[in-house]
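Please find below a colleague's note on the model under review. It is set out as numbered points, to be read beside the sequence and the coordinates.

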Amino acid sequence: MMRKVLKAALILTLSVSLFSCKKDKDEKPSYNEENFLDGYLAATRFDESKTNFINNVEYEFGLEFTPTVKGKITALHVKLPDPNETYRVTIWDKDAKTVLRTEMFNITTADKNYRFDISDLELAKDKQYAITANSNDWYTREIKDRSATTYPVSVGNITITNFIYLKGATQTYPTTSSKVYYAGDLSFSFQQTN
């Protein structure tokens, strides 16, 4: 009788172990969200000097970037030196210069870090994108000696390839770039999916 109980317990233990191994093997890895902004500012040295621009001329400005892995944007991050009721953020397909997503936000408090969760936007590995904002309020960040930075800049799974801008309020892909400053505090949460 004791042998039968031990044999049943052994079979049950092996079954549970095999099922657990199969389950662990089938589970996809879980990845943390990442945000490139602080790493980008440090790597470019644009964190050395910051100037506020308030109620200036409207500009469309932001960054061109490439994910090095397949992933998704889960949230947008914004900080402005002045409230803005109609802050528009656009995510673009860089090659086609087409809009993938537009989000509008009401920034009610100056100098506050905002996180806006959005419906996931899938991004392909090694494809070129851009994220821009349209505003007449922003921070301009520079190297103290006003020298140029070097692109590309890789932070985690995002490679930033350029800072771009265009004067005006229309939702138009920016055509001018600069290596001597960065305008805005606009970024996103990225999560690898494979």
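This is a predicted model: local features need pLDDT of at least 70, side-chain atom pairs count only at pLDDT 80 or more; totals for chains, interfaces and linings use all residues.

1. Helix H2 spans residues 37-44, and its buried residues are Leu 37, Tyr 40, Leu 41 and Thr 44. Viewed down the axis of H2, these buried residues fall within an arc of 95°, so they line one face of the helix.

2. What do the buried residues of H2 pack against? Their partners are strands: S3 (59-67), S9 (138-142), S10 (153-155), S11 (158-167), S13 (182-183) and S14 (186-192). After H2 comes Arg 45, which has a positive phi near 70°.

3. The largest pocket has a volume of about 210 Å³. Its lining consists of Asn 35, Leu 37, Asp 38, Leu 41, His 77, Val 78, Lys 79, Asn 113, Tyr 114, Arg 141, Asp 185 and Ser 187. H2 and strand S4 (71-78) are the elements that give two or more residues to this lining, and H2 supplies the largest share, three residues. By class, the lining holds four nonpolar, four polar and four charged residues.

4. With a relative accessible area of 59%, Arg 146 is exposed.

5. A further positive phi, of about 55°, occurs at Asn 55, which is not a glycine. Asn 55 belongs to the loop between strand S2 (49-53) and S3. Is Asn 55 buried or exposed? Its relative accessibility is 57%, and Asn 55 therefore counts as exposed.

6. Thr 66 lies in strand S3 and is buried, with a relative accessible area of 13%. Apart from neighbours within four places in sequence, Thr 66 is in contact with Asp 126, Lys 127, Gln 128, Asn 157, Ile 158, Thr 159 and Thr 161.

7. The structure holds ten salt bridges. One of them joins the side chains of Asp 120 and Lys 72, at 3.2 Å from N to O. Because Asp 120 lies in strand S7 (residues 114-123) and Lys 72 in strand S4, the pair ties together parts that are 48 residues apart in sequence. Asp 120 is partly exposed, at 38% relative accessible area, whereas Lys 72 counts as buried, at 18%.

8. Two further salt bridges should be noted, between Glu 103 and Arg 101 and between Asp 117 and Arg 115. In the former, the closest N and O atoms are 3.5 Å apart, and both Glu 103 and Arg 101 are buried. In the latter, the corresponding separation is 2.7 Å; Asp 117 is exposed, with a relative accessible area of 57%, while Arg 115 is partly exposed, at 41%. Arg 115 and Asp 117 are also linked with Glu 33 in a network of salt bridges.

Key:
Residues are numbered from 1 along each chain as its sequence is written. Side-chain values use heavy atoms; hydrogens and water are left out. Buried means under 20% relative accessible area, exposed over 50%, partly exposed in between (1.4 Å probe, protein chains only). Helices (H or I, at least four residues) and strands (E, at least two) are DSSP runs, numbered from the N terminus. The arc is that of the directions from the helix axis to the C-beta atoms. Contact means heavy atoms within 4.5 Å. On a 1 Å grid over the protein atoms alone, a cavity is a set of points where a 1.4 Å probe fits but cannot get out, and a pocket is an open set with protein on both sides within 12 Å along at least five of seven lines; lining residues have an atom within 4 Å of a point. Grid points are joined across faces, edges and corners, and a volume is the space filled by probe spheres set on the points. Ala, Val, Leu, Ile, Met, Phe, Trp, Tyr, Cys and Pro count as nonpolar, Asp, Glu, Lys and Arg as charged, and the others, Gly among them, as polar. A salt bridge is a side-chain nitrogen of Lys or Arg within 4 Å of a carboxyl oxygen of Asp or Glu.
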